[in-house]
Amino acid sequence: MRFAPRWDVLLLGFLLGTSGAFAADNPTPSTHEAQLAQRPGHAGIASANALATEAGFEVLSKGGNAFDAAIAVASTLSVVEPESSGIGGGFMATMYVASGHRDVFVDARETAPAAINPKDYLNPDGTPNRDTALKGPLSAGIPGEPAGLVWLAKHYGKLPLTVSLAPAIRTARDGFKPDSRLIGSIQEERENIQRWPASAAKFLTNGNAPIAGDIWRDPEQAHTLELLAQYGDSGFYSGETAQKLVDAVRAAGGNWTLKDLSSYRVRERAPITVDYRGYKIITAPPPSSGGVAIAEILNILSGFDMSKLDQVQRTHLVIESMRRAFRDHNDYLGDPDFVKMPLDMLLSPYYADGLRQTILPDKATPSSMLAPSSGQDPGMHTTHFSIIDADGNMVAITSTVNYVLGSTFVAQGTGVLLNDEMDDFALVPNKPNVYGLLGSKANAPEPGKRMLSSMSPSLVIGPDRTAVIGSPGGSTIITQVLEGILAFIDGGDAHQVAAHKRFHHQYMPDVVTVEAGAFDPATSDALTRMGYTLKTRDSWGFMNVVIWDRRTNKLDAASDPRRPDGLGKVQ
Ligand code: DON
């Protein structure tokens, strides 16, 4: 599949562009190389749950590196934060491998089963069926997370999976106290959970959610993790677990086959890199839209001297850049194994020049003037964690089962809660998904195809400091990570970056959603006068950040203050 690029914008950029016009403002060469000889000598981990952060440190203390720690953190989150991510879902990892000085992107995103039938996601009257898209086995893609963990251990870790998965297995077997967010998620989804006996058995006691202080155990997931630890890929994608997954999915109306599982493959891809004001940003390529959008936005912004502008002008330019990048997201992006995308154009500084010319100096551009979605407040149910180890290895992982508690469908006998990632496809052309995102043919579902993601795990390498950063948040992931990167470049420490107040625009709907406190009243009034519709959004992603100050050689880790159960720790 191939898409007509926006040659007009590229040409406008060539003719009128300002690429390089602000060179004086952007004089510092990227210093990615500057950190290569250095090692921090201690480690930092920030994740959305203290047990997961501690699991990472436990594995480091056993001689593991950042990649082993990432396996421990991700698998423990599968147990203690199932509402957000798990072995029934998938992840994307942006990593720096200190030995060999390599930037690596690991794509453990879910895939559509071979028997995908678009009609399953339509009601008889042709309207989108939100239930099959978001609940039950039809909503689930073939999980990528188990294969991703095996991949990390095999190619980058120092320890066997029996060691790096041990904390998760122990926690699932011995039990833990669920935090208020997990309890709230189970209460919220109670009716859906009750639709499937294995889901009810996992999450409910006598039909009710756990209460604070209960000890919660998950022996079936412990067993599934043990098989993964012992046998690697074949412990999940063939044999006992695979058979149970396929039997459970098919018995409940799904269409998975053993072949769907055995043919799942992790992909390594070249990350997107972009230079912005002397900082190198290394981030997620398709099948995430995040890196392309972040690069496009930064390329547009690099033509302005942001330091000389007031908050209203800066916010105006950031929103207009978001608007334009999200339009391209909807039109062009999908799984690179299936779709030919005009990435050269989208990432070109001349294209950014062209887009910059279309920004009105003191007025919002209505999205309808550029060319369609509705929006729903996303629950923040996905997770991001960041790690830097003593040798300078870095891991940014965003991991997801998609919406709250994924499909709410647990496959009998496995403890595996399946994702509802199929909704990230454009299941019905030009109809918004749960995050209000529209999609084109590029992101239409096809057998074996990966659904487009917004996950944007990123590394930011500056002249003196390096950050590992990311966030959950559906479509708002992209803008939240972008704003975190900008806050870091502005000098923020890990806590300031994670706490930074946020706003979001995604082209359609043509609304700026704003966190309370992001704008003072005068800024809100000025933006409203410029034509922006501002709407308060309560739900924002939990950002987990580790920063390495290479001048002092100190690490700084922070978990998002919006969530009390997270932990950023340096040791
Ligand atoms: O891959 C994606 O873009 C989505 N499945 C992420 C979902 C998410 O962040 C949920 N939290 N709001």
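A crossing of two helices is left-handed if the near helix is turned anticlockwise from the far one by less than a right angle, and right-handed if clockwise. This model is predicted. Two helix pairs show both cases.

Start with helix 7, residues 166–174, and helix 11, residues 219–231. The crossing of this pair is left-handed. Their axes come within 8 Å and cross at roughly 160 degrees. Angles over 145 degrees count as roughly antiparallel, so helix 7 is roughly antiparallel to helix 11. Which residues meet here? Helix 7 brings Ala168, Ile169, Ala172 and Arg173. Helix 11 answers with Pro219, Ala222, His223, Leu225, Glu226 and Ala229. By class, this contact of helix 7 with helix 11 has seven nonpolar, one polar and two charged residues.

Now move to helix 16, residues 311–332, and helix 20, residues 476–489. Their axes lie 11 Å apart, and the packing angle is about 140 degrees. That makes helix 16 oblique to helix 20. The crossing of helix 16 and helix 20 is right-handed. From helix 16 come Val318, Met322, Phe326 and His329. They meet Ile478, Thr479, Leu482, Glu483 and Leu486 of helix 20. The residues of this contact divide into six nonpolar, two polar and one charged.

Last, look at a single residue. Val401 sits in the loop between strand 8 (394–400) and strand 9 (410–411). Is Val401 buried or exposed? Its relative accessible area is 1%, so Val401 is buried. Leaving aside neighbours within four places in sequence, its contacts include Pro82, Glu83, Ser84, Leu417 and Asn419. Thr383 is 18 residues from Val401 along the chain, and their C-alpha atoms are separated by 9.2 Å.

Technical notes:
Residues are numbered from 1 along each chain as its sequence is written. This is a predicted model: local features need pLDDT of at least 70, side-chain atom pairs count only at pLDDT 80 or more; totals for chains, interfaces and linings use all residues. Side-chain values use heavy atoms; hydrogens and water are left out. Axes are lines fitted to C-alpha atoms, for helices over the stretch in contact, and angles run from 0 to 180 degrees between N-to-C directions. Helices (H or I, at least four residues) and strands (E, at least two) are DSSP runs, numbered from the N terminus. Angles under 35 degrees count as roughly parallel, over 145 as roughly antiparallel, 65 to 115 as roughly perpendicular and the rest as oblique. Contact means heavy atoms within 4.5 Å. Ala, Val, Leu, Ile, Met, Phe, Trp, Tyr, Cys and Pro count as nonpolar, Asp, Glu, Lys and Arg as charged, and the others, Gly among them, as polar. Buried means under 20% relative accessible area, exposed over 50%, partly exposed in between (1.4 Å probe, protein chains only).
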